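The sequence and the structure are shown here.

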Amino acid sequence: MIHDSHTHTLHSDGLGEVFENIAEAERKGLSLVAITDHSHYLLRGNFNAYLSEIRRWGEDSEITVLAGIEGNITPNGVDVPDWMAEKLDFVIASVHEWVDRPEQYVELVRVALLDENVDVIGHFGASFPYIGYPSWEDLLELIALAEERGKAFEISSRYRVPDLEFVRECIKRGVKLTFASDAHRPEKVGNVGWSVAVFRKAGGKLEDLLFAPYL
């Protein structure tokens, strides 16, 4: 069941090679690891090399290796074009730009949930301690939209979000979840202990995980 769906490499702002992230995942006994570098680093002609490297090392690995990407949610949409998304195993969409109010954050996530290319919402709520928390009603609307659109939320060990009640509601509604370290250096890959603890406390089972078929 243990996996890491969110790691970065030298292809964006990470400090390790693709093979180093995979090797660390193997060393820690993970069933699956994903390479999910930032989309804005990969729009300059190096996407094919990125994808080829992940596939090559993945073929030699004893665990499942997925090729993903982390897109940025902007008011104009998620910056992952169709031609890129169709070649990937999955797409994470995350709020990275600063907003002043929780309502703005919620609206950005709503935009991503409506995007056909998006599979997972990354580190949902990481900004809330600084900008304030949305109402429970707003959160329930997002979960309902995720259920309707077949989207998942990651449980981020790096940011320790979302909270237990949000995870419980996702499980109740059948919204899938993933474990994520958001590692930016190889030795952090697989550090998903907080994700696993929250998931189990919320009553999660294998079938509640997006990547259950690989686990």
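Arg-110 counts as partly exposed because its relative accessibility is 22%, where buried means under 20% relative accessible area, exposed over 50% and partly exposed in between (1.4 Å probe, protein chains only). This is a predicted model, in which local features need pLDDT of at least 70 and side-chain atom pairs count only at pLDDT 80 or more, whereas totals for chains, interfaces and linings use all residues. Residues are numbered from 1 along each chain as its sequence is written, and side-chain values use heavy atoms, with hydrogens and water left out.

Arg-110 forms a salt bridge with Glu-107, with 2.6 Å between the closest N and O atoms; the term stands for a side-chain nitrogen of Lys or Arg within 4 Å of a carboxyl oxygen of Asp or Glu. Both residues belong to helix 4, where Arg-110 and Glu-107 are 3 residues apart, about one turn of the helix. Helices (H or I, at least four residues) and strands (E, at least two) are DSSP runs, numbered from the N terminus. An α-helix has 3.6 residues a turn, so residues three or four places apart point the same way. Glu-107 has a relative accessible area of 40% and is therefore partly exposed.

## Other salt bridges

The structure holds 12 salt bridges. One of them joins the side chains of Arg-158 and Asp-182 at 3.5 Å, N to O. This pair links distant parts of the chain, 24 residues apart, with Arg-158 in the loop between strand 7 and helix 7 and Asp-182 in the loop between strand 8 and helix 8. Arg-158 counts as partly exposed because its relative accessibility is 46%, whereas Asp-182, at 3%, counts as buried.

Within helix 7, Glu-165 and Arg-168 lie 3 residues apart, about one turn of the helix, and their side chains meet in a salt bridge of 2.7 Å, N to O. Glu-165 is partly exposed, with a relative accessible area of 42%, and Arg-168 is partly exposed at 33%. Salt bridges that share partners also join Glu-24, Arg-27 and Lys-28 into one network.

## Nonpolar cores

The largest nonpolar core has 58 residues, of which Leu-88, Tyr-105, Val-109, Ile-121, Phe-124, Phe-153 and Leu-177 touch the most other members; such a core is a set of buried Ala, Val, Leu, Ile, Met, Phe, Trp, Tyr and Cys residues joined through side-chain atoms within 4.5 Å. Helix 4 (residues 102-113) gives the most to this core, with 6 residues. A second, separate core of 8 residues includes Leu-32, Leu-66, Ile-92 and Val-120.

Leaving aside residues up to four places away in sequence, Phe-124 touches Tyr-105, Val-109, Leu-139, Leu-142, Phe-153, Val-161, Pro-162 and Phe-166, where contact means heavy atoms within 4.5 Å.

## Helix 7

Helix 7 spans residues 164-173, and its buried residues include Phe-166, Val-167, Glu-169, Cys-170 and Ile-171. Among the elements that cover the buried residues of this helix are helix 6 (136-149), strand 7 (152-156), strand 8 (177-180) and helix 8 (193-201). Gly-174 follows helix 7 and has a positive phi, near 80°.

## Annotated span

UniProt, in an unreviewed entry, lists residues 3-75 as "domain: Polymerase/histidinol phosphatase N-terminal"; UniProt positions are given in the numbering used here, feature names are shortened, and annotations may be inferred rather than shown by experiment. The end C-alpha atoms of residues 3-75 lie 31 Å apart, and the span is 33% helix and 27% strand.
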